[in-house]
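Visitor: I have a model open and some time to go through it. Can you walk me through the contacts and the sheets?
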Amino acid sequence: MHPLTNRRTFIQSLGAYTAGLGATAALSPKLVGAEKISGATPAADDEAPILQIGDDIAVASTRAGKVRGFILNGVYTFHGIPYGADTSGDNRFQPPRPPAPWVGIMPTIWWGDSAPQNMEKRYANVYQSFIDHWNYEELSEDCLKLNIWTPALADKKKRPVIVWLHGGGFFAGNAIEQDGYHGENFARLGDAVFCSLNHRLGAIGFSNFAGVAGDAFRHSANVGMLDIVAALQWVKDNIASFGGDPDNVTIIGQSGGGAKVCTLMAMPAAKGLFHKAVALSGSSLRGVDKSYSEKLGAYIFAEAGLTSTSVEANAAALRTLQQLPWKEYLAIAERAERKLRSENPAPAGRRGGFSPVANGIDLPIDTFFSEADGLPHDVPLIVSTTFNETSPSRENSDYETITLAEVKEKLKPRFHDATDRVVDAYAKEFPNHKPVEIWSLVASNRQAAIATANAKSKQKAPVYACWFGWQPPLFDHRMRAFHCSDISFWFYNTDRMFTHTGGGARPRRLSTKMAQTLLHFMRTGSPNGGGLPDWPAYTSANGETMVLDDVSAVKNDPDRKARESLPPLS
């Protein structure tokens with residue numbers, strides 16, 4: 001673990017970090033009182049403590065036992081509540097199990113462990129570490145923990161609930177990875193309950209051993225997603241004790257978290273556990289090919305030195321892998337994945353590696369949203385991306401003067417013979433953009449998000465599309481509207497996540513509108529009424545898209561002509 005992580009997170013969690021670096025403006029009675037939707041405002045009393053913790057403070061009941069949190073800036077806060085049992089040993093590769101009940105009151109005042117993942121050189125890029133301000137705790141398989149921020153406990157006031165799914169693909173990340181993931185400001189602003197969670201990732205969450213070991217491991221390909229289903233079931237069963245409404249739950253994720261949102265929408269086991277959905281800068285329309293994932297399971301089996309005989313014998317042999325230290329297992333699985341990729345590439349247009357599998361059990365083999373009255377026809381969805389998911393010149397100002405011809409050379413490995421056509425189409429559609437911005441727009445295209453919106457638009461519940469274009473002044477304005485930059489706006493954290501925004505009044509103005517819009521969506525299923533312009537539902541014919549910026553506006557498919565130049569998605 002990075003030597004600064006514990007100290008930094010400790011300061012953050014007690015509020016001094018936020019107060020010392022400018023977020024007090026976002027928490028002050030004047031600002032919150034003027035812009036809040038409803039809910040308690042911190043007392044304007046300098047003599048009152050901003051932190052309260054004690055034997056009878058912030059105690060809530062769950063089905064497994066009582067938990068103790070703390071009150072910070074008027075918001076009840078709980079960190080590391082177990083929603084599932086330890087997943088090590090015999091529980092590895094198996095669906096999550098409920099936590100064992102406990103006696104007394106469990107202190108839930110510190111973050112739960114992050115899921116096992118490769119942390120090598122996680123902080124090596126100092127720019128990335130500075131900008132995203134990584135927060136990592138201990139890693140272990142006892143990682144099925146969630147966090148809650150709420151304005152009140154068990155007061156029978158049914159507050160809308162939001163459940164945050166972190167990014168990092170399906171192999172990295174955690175619920176507090178960035179400061180913008182915090183739920184305190186959002187819970188206070190909207191009188192809402194904010195939850196976030198950790199779950200199994202990578203090879204521990206998505207190794208498919210059904211092919212070699214049969215029914216005993218039939219769920220192993222998707223236990224990482226089944227963890228999230230278990231967390232949502234926990235919310236349904238327990239959130240009323242935290243002031244939330246179990247019948248009004250919104251799931252939201254970014255990047256890999258956005259793909260998790262789409263995947264959950266297609267999972268039968270998750271039906272009825274959430275009621276609205278938001279996918280930011282990440283989406284998915286299908287799982288990993290079943291036969292390919294089973295082949296990867298066989299490669300792992302062989303890489304571990306296990307000899308395949310009968311299904312029953314193989315299932316017994318896999319107990320060896322269940323008992324290995326997780327770092328050893330990840331190393332074996334990563335070697336096997338590299339070997340398979342070199343010898344048998346994944347089918348065209350399908351994800352390979354360790355991510356949710358279309359096994360026909362946990363996740364359908366069909367394309368998501370393929371049936372008008374199928375899952376999730378009754379769940380409204382917001383699909384969003386940022387203008388510049390990648391900003392090539394952020395760390396290298398030389399790229400600011402790159403030519404269009406040089407941009408084409410940079411993009412050829414990705415678009416091959418179509419490169420000239422694609423770049424020229426984007427340059428024509430966006431004539432006032434510099435070549436480096438054209439590079440970014442092409443590399444950050446909305447093709448997958450629009451494919452998701454088109455599929456979802458055929459179902460009863462609406463889909464809404466947006467495109468985030470707000471650019472911070474940092475790094476001489478070279479960051480642009482980059483991947484992850486919109487998260488803190490949705491959660492009213494622009495003064496907390498100042499390394500993404502610069503902080504201050506300008507980003508806060510847009511953040512207020514975006515956060516209130518999200519809250520209206522949580523309450524009603526429509527984003528209208530939060531301060532943005534009227535936002536119509538998306539249709540394939542018109543491509544209605546809310547463009548989010550200092551001045552936001554709806555435009556009809558603003559990049560359609562450029563996007564049509566892209567090679568089709570497989």
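Guide: Start with a definition: a salt bridge is a side-chain nitrogen of Lys or Arg within 4 Å of a carboxyl oxygen of Asp or Glu. This is a predicted model, so local features need pLDDT of at least 70, side-chain atom pairs count only at pLDDT 80 or more, and totals for chains, interfaces and linings use all residues. Residues are numbered from 1 along each chain as its sequence is written, and side-chain values use heavy atoms, with hydrogens and water left out.

Visitor: Which residues are linked in a network of salt bridges?
Guide: Arg446, Asp557, Asp559, Arg560 and Arg563.

Visitor: And how many salt bridges does the structure hold?
Guide: The count is 29.

Visitor: Pick one. What does arginine 159 form a salt bridge with?
Guide: Aspartate 191, with the closest N and O atoms 2.7 Å apart. Arginine 159 is in strand 8, while aspartate 191 is in the loop between helix 6 (184–190) and strand 9 (193–197). They are 32 residues apart. Helices (H or I, at least four residues) and strands (E, at least two) are DSSP runs, numbered from the N terminus.

Visitor: Is arginine 159 buried or exposed?
Guide: Buried, at 4% relative accessibility. Aspartate 191 is buried too, with a relative accessible area of 4%. The cut-offs: buried means under 20% relative accessible area, exposed over 50%, partly exposed in between (1.4 Å probe, protein chains only).

Visitor: What about arginine 63 and aspartate 237, how do their side chains meet?
Guide: In a salt bridge, 3.8 Å from N to O. Arginine 63 lies in the loop between strand 2 (59–62) and strand 3 (65–68), and aspartate 237 lies in helix 9 (residues 223–238), so the pair ties together parts that are 174 residues apart in sequence. Arginine 63 is exposed at 66%. Aspartate 237 is partly exposed at 29%.

Visitor: Where do lysine 408 and aspartate 424 lie?
Guide: Lysine 408 is in helix 14 (residues 404–415) and aspartate 424 in helix 15 (residues 419–429). Their side chains form a salt bridge, 2.9 Å from N to O. Lysine 408 is buried, at 17%. Aspartate 424 is partly exposed, at 38%.

Visitor: What order does the open sheet of 3 strands have?
Guide: 2-3-6, with mixed pairing. The edge strands are strand 2 and strand 6 (105–107). The twist averages 35 degrees from one strand to the next. Strand 3 and strand 6 run parallel, joined by 3 bridges. Lysine 66 stands opposite isoleucine 105 in strand 6.

Conventions: Two strands pair if DSSP finds at least two bridges between them. Axes are lines fitted to C-alpha atoms, for helices over the stretch in contact, and angles run from 0 to 180 degrees between N-to-C directions.
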